[in-house]
Amino acid sequence: MPNKGSHLAGALGLAAMDIEGSGGDTRGFGGAAWVGYDFWVADEWSVGPLFRLGGTLTTNGDDDIDASSMSAVFLFTALYH
């Protein structure tokens with residue numbers, strides 16, 4: 001809808017973490033989800049906030065190591081249409 005600015009998105013993929021002192025990388029899965037809204041500020045420009053959550057779950061079976069990470073990010077977007 002060209003006159004509405006809300007948006008949702010998500011991503012899934014492979015993840016790897018290097019842990020110092022372990023026998024190698026931990027490998028697993030990661031994902032993210034984000035939501036935002038853009039406000040029209042000119043005929044061809046919109047700006048707005050975007051909030052994104054992301055994380056990973058990884059394991060290294062050789063060293064019996066599990067690792068995870070989490071991030072929360074607040075961003076500002078500017079779009080030229």
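Colleague: Is Ala 15 buried or exposed?

Modeller: Ala 15 counts as buried, because its relative accessibility is 14% and the cut-off for buried is under 20%. Please bear in mind that this is a predicted model.

Colleague: Which strand holds Ala 15?

Modeller: Ala 15 is found in strand β1, which covers residues 6-18.

Colleague: And how far apart are Ala 15 and Asp 25 in space?

Modeller: From C-alpha to C-alpha they are 9.9 Å apart, with a separation of 10 residues in sequence.

Colleague: On to Gly 28. Where does Gly 28 lie, and is Gly 28 buried or exposed?

Modeller: Gly 28 lies in strand β2, residues 25-37. Its relative accessible area is 16%, so Gly 28 is buried.

Colleague: What separates the C-alpha atoms of Gly 28 and Val 73?

Modeller: A distance of 22 Å separates those two C-alpha atoms, and the residues are 45 apart along the chain.

Colleague: How many bridges are there between β2 and β4, and in which sense do they pair?

Modeller: β2 and β4 pair over 10 bridges in the antiparallel sense. As for individual residues, Phe 29 stands opposite Leu 57 in β4.

Colleague: What joins β3 to β4?

Modeller: Strand β3, residues 39-40, is joined to β4 by 2 bridges, and the two run antiparallel. They form a hairpin that has 4 residues between the strands. Trp 40 has Ser 46 in β4 as its bridge partner.

Colleague: Which residue in β5 stands opposite Ser 46?

Modeller: That residue is Leu 79. Ser 46 is therefore placed opposite Leu 79 in β5 and is also the bridge partner of Trp 40, given that a pairing of strands needs at least two bridges.

Colleague: How many bridges join β4 to β5?

Modeller: 16 bridges join them; β4 spans residues 45-60, and the two strands run antiparallel. Thr 58 has Ala 67 in β5 as its bridge partner.

Colleague: What about Trp 45? Where is Trp 45 found, and what is its relative accessible area?

Modeller: Trp 45 is found in strand β4. Its relative accessible area is 40%, so Trp 45 is classed as partly exposed. The C-alpha atoms of Trp 45 and Ala 78 are separated by 7.2 Å, although the residues are 33 apart along the chain.

Colleague: Let us turn to the loop. Which residue takes a positive phi in the hairpin of β4 and β5?

Modeller: Asp 64 does, with phi near 55°, in a hairpin that has 4 residues between the strands. The place of Asp 64 is in the loop between β4 and β5.

Colleague: Why is Asp 64 called exposed?

Modeller: Asp 64 is called exposed because its relative accessible area is 70%, and the cut-off is over 50%.

Colleague: Which residues gather in the patch of negative charge on the surface?

Modeller: The patch is made by Asp 62, Asp 63, Asp 64 and Asp 66.

Colleague: Now the nonpolar side. Which residues make the nonpolar surface patch?

Modeller: Leu 8, Val 35, Phe 51, Leu 53 and Phe 74 make a nonpolar surface patch of about 530 Å².

Colleague: Take Phe 74 from that list. Where is Phe 74 found, and is Phe 74 buried or exposed?

Modeller: Phe 74 is found in strand β5, residues 65-80. Its relative accessibility is 62%, and Phe 74 therefore counts as exposed.

Colleague: And what is the C-alpha separation of Phe 74 and Trp 40?

Modeller: Their C-alpha atoms are separated by 19 Å, and the residues are 34 apart along the chain.

Key. Residues numbered from 1 in each chain as written. Predicted model: local features only at pLDDT ≥ 70, side-chain atom pairs only at ≥ 80, totals over all residues. Heavy atoms only, no water. Patch = residues over 30% accessible without salt bridge, like charges linked within 9 Å, V, L, I, M, F, W, Y side chains within 5 Å. Areas by Shrake-Rupley, 256 points an atom, 1.4 Å probe, with all protein chains shown as cover. Salt bridge = Lys/Arg side-chain N within 4 Å of Asp/Glu carboxyl O. Buried < 20%, exposed > 50% of the residue type's maximum accessible area, 1.4 Å probe, protein only. Lys, Arg positive; Asp, Glu negative; His and termini not counted. Charge placed at Lys NZ, Arg CZ, Asp CG, Glu CD.
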